[in-house]
Amino acid sequence: VQLVESGGGLVQPGGSLRLSCAASGFIFSNYAMGWYRQAPGKERELVATITSVGSTNYADSVKGRFTISRDNAKRTVSLQMNSLKPDDTAVYYCKVDKGGMRYWGKGTLVTVSS
């Protein structure tokens, strides 16, 4: 299993970013996927998840601002982030649970600052 995140960067408050996670090594369409984040000095937390059939779930802190989606043909899961706030600054990770194990990407850094 390999997960590779991309799309992070520096953005001003109120701006937008789109993160992507490219997956390989497993049958992507069969598995739920998730985005998590870890801010400096804090624990890793759930941001959003999407099931194999496209049902979504969001942390209260991002509802209405973030949208998770998947493209099974391209084996990618994306996170569209709008109305970004300084509190959204974190390393964002892609995750899949498979065969009783949890797999993570290496993460992509999002910094929201003026």
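**Rings, sulfurs and a pocket**

Reply: Happy to! Let's begin with Y31, which counts as partly exposed at 23% relative accessibility; buried means under 20% relative accessible area, exposed over 50%, and partly exposed in between, using a 1.4 Å probe and protein chains only.

Me: What sort of model is this, by the way?

Reply: This is a predicted model, where local features need pLDDT of at least 70 and side-chain atom pairs count only at pLDDT 80 or more, while totals for chains, interfaces and linings use all residues. Residues are numbered from 1 along each chain as its sequence is written, and side-chain values use heavy atoms, with hydrogens and water left out.

Me: Thanks. How many aromatic pairs does the count come to?

Reply: Four aromatic pairs. Rings of Phe, Tyr and Trp (its six-membered ring) pair if their centres lie within 6.5 Å; planes under 30 degrees apart count as stacked, over 60 as edge-to-face and the rest as tilted. One of them is F26 with Y31, edge-to-face at 5.6 Å centre to centre and 80 degrees between the planes.

Me: Is F26 buried or exposed?

Reply: F26 counts as buried, because its relative accessibility is 6%. Ring pairs also link F26, F28 and Y31 into a cluster.

Me: Which charged end sits over the ring of F26?

Reply: That of R75, 6.0 Å from the ring centre. The rule asks for NZ of Lys or CZ of Arg within 6 Å of the ring centre and within 35 degrees of the ring normal. R44 likewise lies over the face of Y93, 3.7 Å from the ring centre.

Me: OK, sulfurs next. How many disulfides does a search of the whole structure find?

Reply: One, joining C21 to C94 with S to S at 2.2 Å; the cut-off is a pair of cysteine sulfur atoms within 2.5 Å. The torsion about the S-S bond is about -80 degrees, so this disulfide is left-handed. Both C21 and C94 are buried.

Me: And the largest pocket, how much space lies in it?

Reply: About 150 Å³. On a 1 Å grid over the protein atoms alone, a pocket is an open set of points where a 1.4 Å probe fits, with protein on both sides within 12 Å along at least five of seven lines, and lining residues have an atom within 4 Å of a point. Volume is the space filled by probe spheres set on the points.

Me: Which residues line the largest pocket?

Reply: Among them are R37, K42, E45, P86 and D88.
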